[in-house]
Each structure stands twice: as C-alpha cells, then as structure tokens.
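Load the model in your viewer and keep the sequence panel open. The stops below go one selection at a time.

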Amino acid sequence: MSSEKLHLRAESAPDMEVISGVLQDALLPVPDIAYLKASRQFALVANRFCWEADDAESAAPAALLSMGERTHYRINCGLMFGNVDAVRTRGFDRNDTANILSLLMMQSASRVDATEITLVCAGDAAIRLTVSSIDIRLDDMGERWPTVWRPSHAETEAD
C-alpha cells in the first residue's frame, strides 16, 4: 500500500471527474464547509475513503486482522474551489453543526457565462457552486487511519 498523500488539481470537467471519483463516499461535516465570499473561494474538509489503498490488506494493524476483518483506510483532506461567484444549498440545515453529509459525486454543467459545479450528497442534499472557471485543489492532511467499514452501493435494476 502506498502511504503517499494525494495532491490534485482540476482545471477542466475531465479533471474534476478524477477528483469526484477520489471523493466518492467522503464525509463532509457541515461545520467544516465555508464560502469565503471576499476571496471567491469555497472550502471544506472531508473525511475521504482511500479507494486508492483499498487493496492493502497486508498493511492492516494486527489487532484488526486477528478479528478477521479486512482493513480499509480513511484520511482527512482539504478541498478548495476558486473563482466562486455564488453558493446555493439544498436538503440540509447549514446551521446544524451535528450534520454530516455523505458525498456521492461532483457534477459540472456549462452555462453561457459560467459553470455550475454540484456536490451531490446522499439524502437529496446538494451544494451548487457557480464558478467563472474550474479551479479545484484537493490536498490530503494528516495520516490515514484504519477502518473495517467499506462503503457499498446497492445495485438497482431498471424496470
């Protein structure tokens, strides 16, 4: 398992798709989300699942292996969006400091004079950013920690 920290930058929709994949199932504590209007930045701290380290059973702590559980990893990361002109939220109370959003994906849509980036979360919650151009930075912070819980998504069949 590589213990390298991720440092990613997105300047286009395809770049953003990579960051979206890395952040799938990240946990976003509502108090750690902020719009910095004066500097046109939107920032958050996420507790992300380390999908890139998910094949690393050999580095699991002995105590977890002795319980017969496969070990996975999480790490905190900072996510900064630049060139932000507006932020809208839906489906959650921004003042609920105990609330934690579960990020499913990020989507972008081009408009005539701007781009909209939507952070789609579980439970029909979402954060929509209007940006003049895509400028996203993701930086892992601190050390990874082990977890036996791995996110899963039930497959649905079309009728």
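Which exposed residues does the face of α1 turned away from its buried side carry? Select Pro 14, Glu 17 and Val 18: these are the exposed residues on that face. Keep in mind that this is a predicted model.

Colour by confidence next. The protein chain has a mean pLDDT of 88, with 84% of its residues at 70 or more. Residues 60-66 fall below 50, and this stretch has eleven contacts in the model beyond near neighbours in sequence. Where pLDDT is low, the predicted coordinates should not be read in detail.

Return to α1 and select its buried residues: Met 16, Ile 19, Ser 20, Val 22 and Leu 23. Looking down the axis of α1, you will find them within an arc of 160 degrees, so they line one face of the helix. An α-helix has 3.6 residues a turn, so residues three or four places apart point the same way.

Now show what covers this buried side. The cover includes the strands β1 (7-10), β4 (41-49), β5 (72-81), β7 (100-110), β8 (115-121) and β10 (136-147).

Centre on Leu 23, which belongs to helix α1 (residues 13-23). Its relative accessible area is 1%, so Leu 23 counts as buried. Beyond neighbours within four places in sequence, Leu 23 contacts Arg 48, Cys 77, Leu 79, Leu 103, Met 106 and Leu 138. Pick the C-alpha atoms of Leu 23 and Met 106: they lie 8.6 Å apart, although 83 residues separate the two in sequence.

Notes
Residues are numbered from 1 along each chain as its sequence is written. This is a predicted model: local features need pLDDT of at least 70, side-chain atom pairs count only at pLDDT 80 or more; totals for chains, interfaces and linings use all residues. Side-chain values use heavy atoms; hydrogens and water are left out. pLDDT is the predictor's confidence in each residue, from 0 to 100. Contact means heavy atoms within 4.5 Å. Helices (H or I, at least four residues) and strands (E, at least two) are DSSP runs, numbered from the N terminus. Buried means under 20% relative accessible area, exposed over 50%, partly exposed in between (1.4 Å probe, protein chains only). The arc is that of the directions from the helix axis to the C-beta atoms.
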